[in-house]
Amino acid sequence: MEIQSEMEDFDEIRRELESISPILSGLPRTNAFKVEDDYFDKLPMVVMDHIHARKAKSRLDLSWLLQPKWAVTMAVCMIAVIFGSFLLVRNINMDKSMPVAEVQRLLDEPVTNENVIDNVDADDMVEVLASNEAEQNNNQNLKKSADKKAMEDYILDNIDESAIIDAL
């Protein structure tokens, strides 16, 4: 029964195809796809070879950097970074230029404490005072550590070991 219903379904599908497209229904029913006899035996090995090749290729491969377009691009970027860094780090105040007449007047004046203080930039003075204070603190710390070291050396050289043993 089942085979007969399948045949009826097949005939019905064929009639519907003939009514929709007579040219298509007239074509012979052949399988156009063919594979070698041992294709499915070789397939797992081919797939594994492709996987291993992809893993080997996916390792850090920087050979593309040696291509001219990338090498030039990287060189231009490095030059831009270096030049930009130079411009950012450079600390030249171009707006504080002194006229020649002012320079000549300062050269003709006698050097006094008042003249020096009047012509020193406040930021420079603060920087010098801060560095002097830091240097003094550093010197005091060195002196303290030297005094502690001298005291420890004296105690270690002049201690009586029997007194330590008695104290314990």
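Q: Which residues are linked in a network of salt bridges here?
A: Asp11, Arg14 and Glu18 are linked that way. A salt bridge is a side-chain nitrogen of Lys or Arg within 4 Å of a carboxyl oxygen of Asp or Glu.

Q: Before we go on, what kind of model is this?
A: It is a predicted model, where local features need pLDDT of at least 70, side-chain atom pairs count only at pLDDT 80 or more, and totals for chains, interfaces and linings use all residues. Residues are numbered from 1 along each chain as its sequence is written, and side-chain values use heavy atoms, leaving out hydrogens and water.

Q: Why does Asp11 count as partly exposed?
A: Because its relative accessibility is 27%. Buried means under 20%, exposed over 50%, and partly exposed in between (1.4 Å probe, protein chains only).

Q: What about Arg14 and Glu18?
A: Arg14 is partly exposed at 38%. Glu18 is partly exposed too, at 37%.

Q: How many salt bridges does the structure hold?
A: Three. One of them joins Lys42 to Asp38, with the closest N and O atoms 3.4 Å apart. Lys42 is partly exposed at 44%, and Asp38 is partly exposed at 29%.

Q: New topic. How many helices and strands are there?
A: Eight helices and zero strands. From the N terminus on, the order reads α-α-α-α-α-α-α-α.

Q: How much of the chain is buried?
A: Buried residues make up 0% of its 168 residues. The accessible surface of the chain is about 16,500 Å² (Shrake-Rupley method, 1.4 Å probe). Carbon and sulfur atoms hold 62% of that surface.

Q: Which residues form a nonpolar patch on the surface?
A: Val35, Tyr39, Phe40, Leu43, Val47, Met48 and Ile51. Together they have about 610 Å² of accessible area. Patch residues have over 30% relative accessible area and no salt bridge; nonpolar side chains are joined within 5 Å, like charges within 9 Å.

Q: Where is Met48?
A: In helix α3, residues 39-58. Met48 counts as partly exposed because its relative accessibility is 38%.

Q: Now pockets. What volume does the largest pocket have?
A: About 220 Å³. A pocket is an open set of points on a 1 Å grid where a 1.4 Å probe fits, with protein on both sides within 12 Å along at least five of seven lines. Lining residues have an atom within 4 Å of a point.

Q: Which residues line the largest pocket?
A: Phe10, Ile13, Arg14, Leu17, Glu18, Leu24, Ser25, Leu27, Pro28 and Arg29. The elements giving two or more of these are α1 (2-20) and α2 (22-26). The largest share, five residues, comes from α1.

Q: What does the lining look like by class?
A: It has six nonpolar, one polar and three charged residues.

Technical notes: Points joined across faces, edges and corners; volume = space filled by probe spheres on them. Helix = DSSP H or I, 4+ residues; strand = E, 2+ residues; numbered from the N terminus. Nonpolar A, V, L, I, M, F, W, Y, C, P; charged D, E, K, R; others polar.
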